[in-house]
Amino acid sequence: MSKKRSTDVLAAARTRGLKDTVATAHVIVCTGSGGVGKTTTAAALAIAAARLGRSTIVLTIDPARRLAQSLGLRSLDNTPRPVKGVEGLDAMMLDMKRTFDEVIDRNAADSQRAERIKDNRFYVQLSDSLAGTQEYMAMEKLHQLHTDGLYDCIVIDTPPTRNALDFLDAPKRMTDFLEGRFLRLFMAPGMVAGKLAGRAAGFGAGLFMKAASRITGAGVLGDLAEFFQSFEGMYDGFKTRAQAVYALLQSPESAFVVVASPETSALREARYFLQRLASEGMPTAGLVVNRVTTSAEDALGDHPPQELLAVATHLDEGDSEQRAVAELLRLAVDAGEAVNREQRTIASSLHGVDPRALIEVPLLSGDVTDVEGLERLARYLLTA
Amino acid sequence: MDAADLFETRLLVVTGKGGVGKSTAAAALALAGTRSGRRTCLVEVEGRQTMSRLFQTEPWDFTERQFRPGLHGLSIDPEASLVEYLDMFYGAKRISKLVVGSTAVEFATTAAPGIKDVLLIGKVKELERRRKADGRFAFDLIVVDAPPTGRIVKFLRAPEATTELVNVGPIRSQAQSLADMLLDPARTHLQLVTLLEEMPVTETVESAGALRDLGCTVGPLLVNRVLPERFDDLGRKALTDDLEPPDLRKVLGKAGLEVDVDAATALRELGLAHLSQVDLQRQMREELAANLDLPTIELPYVYAEHFLDPEIRVLADVLEARTTGSKGR
């Protein structure tokens, strides 16, 4: 794509906001790398949807409880809580352990089997440290909220993953794992009896098990096998739901909002994500770049930086008021440079991708920590 | 503890909330350590190639490379750690071959909780214990760019969690020795990085508490991207009380710069926004002082399109000045 066309794409994207998205989308997924204001953006979009009279819930998975802070709440648990000051908006923090418990309770063949799973010594560890569990549980919760049908709009904030793409891969990873030969190894009879070596026939499994049990110590693999076997009968359900959520995310009812900051690393991740969404056929609503520097440069545009700095040097000789003005001029020059650098970074990082809507949120003075601040942010997000 | 005690332990585990510049702080720490004459190793554990990009080198892998005089770097991944571990303890080439690209890695990273982190930390311990032929340690300083604060407790707790699951066997003793290393105040410091902003400060205070509860020793706090205060008290007073846009225009006009009211207004607002950022910084500094009993080292805001070597050097200069000068702040 030519440079010219790429610039045009961004210019067009800058004229679009997220107004339609909050008015119509059933599921809004906010994604991006850590520390870019993802949670705050999700909360602001949820408030905007609720203000339009849509029954809305915002779901966060972040263990740092940032949404709670943003909404001025002390803590959030696995139950939807009404947000004070915003009619029709609930907020919920995903409690990993509790969600996993609920999944087991709902899907185990009987309560006895559910209890057996929850009593296993691997369960507690597994339910919150299994790679991809957070992402998977977010999917489970999204599926539940969607099928319960209590909300017009579900806004979800993705986990602080190492890589924002993990969220998209979670359902597939889960199904791959469930279909994987590793798991089948454990599902083989004989494993539970603790007779590991040589029993599981084929594909060098015996050797592997022997090696594995030498490393982990005897007995551990047996327990692990029992744990996986107690899930028997539930695997199909896991898989079906994972696929259903994937289909939901691909449907036009959903909208992805990618969030970034004006730093190269965050923008690079945003770019990958935009490309990935396009290739997966998932609907992109827009890219939000938070904390963009603003400057008085536009207003002082007629005067080149050299002139401003020369005047500043002259004013430095004066009284305290004049020295303050000198410093203001230097501040304006520095801010102008920062703006230019940021704009170059944004343009070069996004070269060749179409974010549909591009919203640059200026660095607001102070953090957004209350509903009022979120409303202010929401206004930027809607009107571009 | 004192800010000058930054390099008191040989192992520094650097963490912070996402977006605070944890990796650049880790890079600056390693560079400052190298300059103080320490043979230094910078370790990346999340395979993102952040460091090779920062220092503009070839991509890093599991074998440490010396990319600056006295400064080595490597990127640890769990699979390579597992292979090395098997080779080291069992001399089991056959097993290693079976492991690579096989279900065993799935086992290590998916099914067995925390094993992945145990493997990563295991490699760090190997670096920490490694000795040269003359009996001295191979590295005087090891800086680990660790997972962010949201995951750091789970990461550090992995060895202990493993000992709870596994009662006997080599994995247990390995895990135990890792826990010993991480909790030994003479061997390991946790290095928190924060910004002077509300959420990072809150998360830093919480994390410091959680890390101490875990038994870890938290080293001096690194405060990143601190804005310089541009106005002294007189300047601040002039800006808030005396320099309304018409006054501003008059002062500028006298100095030979004609601007319209809009420009004067924008200029004044820029100044006021700076003051409010500075006020927030002061407030956050007080908050940290009130809630966190740690010496702090402030690093200046350095903007760069690509945060490369020269910018890290600016940060390393500050760290060097704080650690090699006279003790005290």
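User: In which sense do strand S3 (residues 65–68) of chain B and S4(B) pair, and over how many bridges?

Analyst: The general idea is that strands of a sheet pair through backbone hydrogen bonds, either parallel or antiparallel. In this predicted model, strand S3 (residues 65–68) of chain B pairs with S4(B) in the antiparallel sense, over three bridges. Within this pairing, Arg68(B) stands opposite Leu71(B). The two strands form a hairpin with two residues between them, and Gly70(B) there has a positive phi near 80°.

User: Which other strand of chain B is joined to S4(B), and how do the two run?

Analyst: Strand S2 (residues 40–44) of chain B is joined to S4(B) by five bridges, and these strands run parallel.

User: What does chain B contain as a whole?

Analyst: Chain B has 13 helices and eight strands. Of its 329 residues, 48% are buried. Among its contacts between residues at least 6 apart in sequence, 71% join residues at least 24 apart.

User: How should I describe the packing of H9 and H12 in chain B?

Analyst: In general, two packed helices are described by the angle between their axes and the distance between the axes. Here helix H9 (residues 198–214) of chain B packs against helix H12 (residues 261–291) of chain B at an angle of about 10°, and the axes are 10 Å apart. Angles under 35 degrees count as roughly parallel, and H9(B) and H12(B) are therefore described in that way.

User: Which residues meet where H9(B) and H12(B) touch?

Analyst: From H9(B) come Glu198(B), Val201(B) and Val205(B); from H12(B) come Met284(B), Glu287(B), Leu288(B) and Asn291(B). Sorted by class, the contact has four nonpolar, one polar and two charged residues.

User: Let us turn to chain A. In what order do the strands of its open sheet lie?

Analyst: The eight strands of the sheet in chain A follow the order S3-S4-S2-S5-S1-S6-S7-S8, with mixed pairing. Strand S3 (81–82) and strand S8 (358–362) of chain A are at the edges; each has a single partner strand, so one side of each is left without a neighbour in the sheet. Arg81(A) has Ala91(A) in S4(A) as its bridge partner.

User: Which strands are joined to S6(A), and by how many bridges?

Analyst: S1(A) is joined to S6(A) by five bridges, and the two run parallel; Ile28(A) stands opposite Ala255(A) in S6(A). Five bridges also join S6(A) to S7(A), again in a parallel arrangement, and Ala260(A) has Val289(A) in S7(A) as its bridge partner.

User: Why is S6(A) described as largely enclosed by the rest of the structure?

Analyst: Seven of the seven residues of S6(A) are buried, so the strand is largely enclosed by the rest of the structure. Ser254(A), Phe256(A), Val258(A) and Ala260(A) point one way, while Ala255(A), Val257(A) and Val259(A) point the other way, and all are buried. Helix H14 (residues 264–280) of chain A lies across strand S1 (27–31), strand S6 (254–260) and strand S7 (284–292) of chain A, and runs at about 160° to S6(A).

User: Finally, how is chain A divided into domains?

Analyst: The domain assignment gives domain 1 (3–297 + 341–383) and domain 2 (305–340) in chain A. Eight residues of domain 1 of chain A are in contact with seven residues of domain 2 of chain A. On the domain 1 side, the touching residues comprise one nonpolar, three polar and four charged.

Notes
Residues numbered from 1 in each chain as written. Chains lettered and ligands numbered in written order. Predicted model: local features only at pLDDT ≥ 70, side-chain atom pairs only at ≥ 80, totals over all residues. Domains from an automatic or database assignment. Contact = placed C-beta atoms within 7 Å. Nonpolar A, V, L, I, M, F, W, Y, C, P; charged D, E, K, R; others polar. Pairing = 2+ DSSP bridges. Helix = DSSP H or I, 4+ residues; strand = E, 2+ residues; numbered from the N terminus. Axes fitted to C-alpha atoms, helices over the stretch in contact; angles between N-to-C directions. Parallel < 35°, antiparallel > 145°, perpendicular 65-115°, else oblique. Buried ≥ 20, exposed ≤ 12 C-beta atoms within 10 Å, placed from the backbone.
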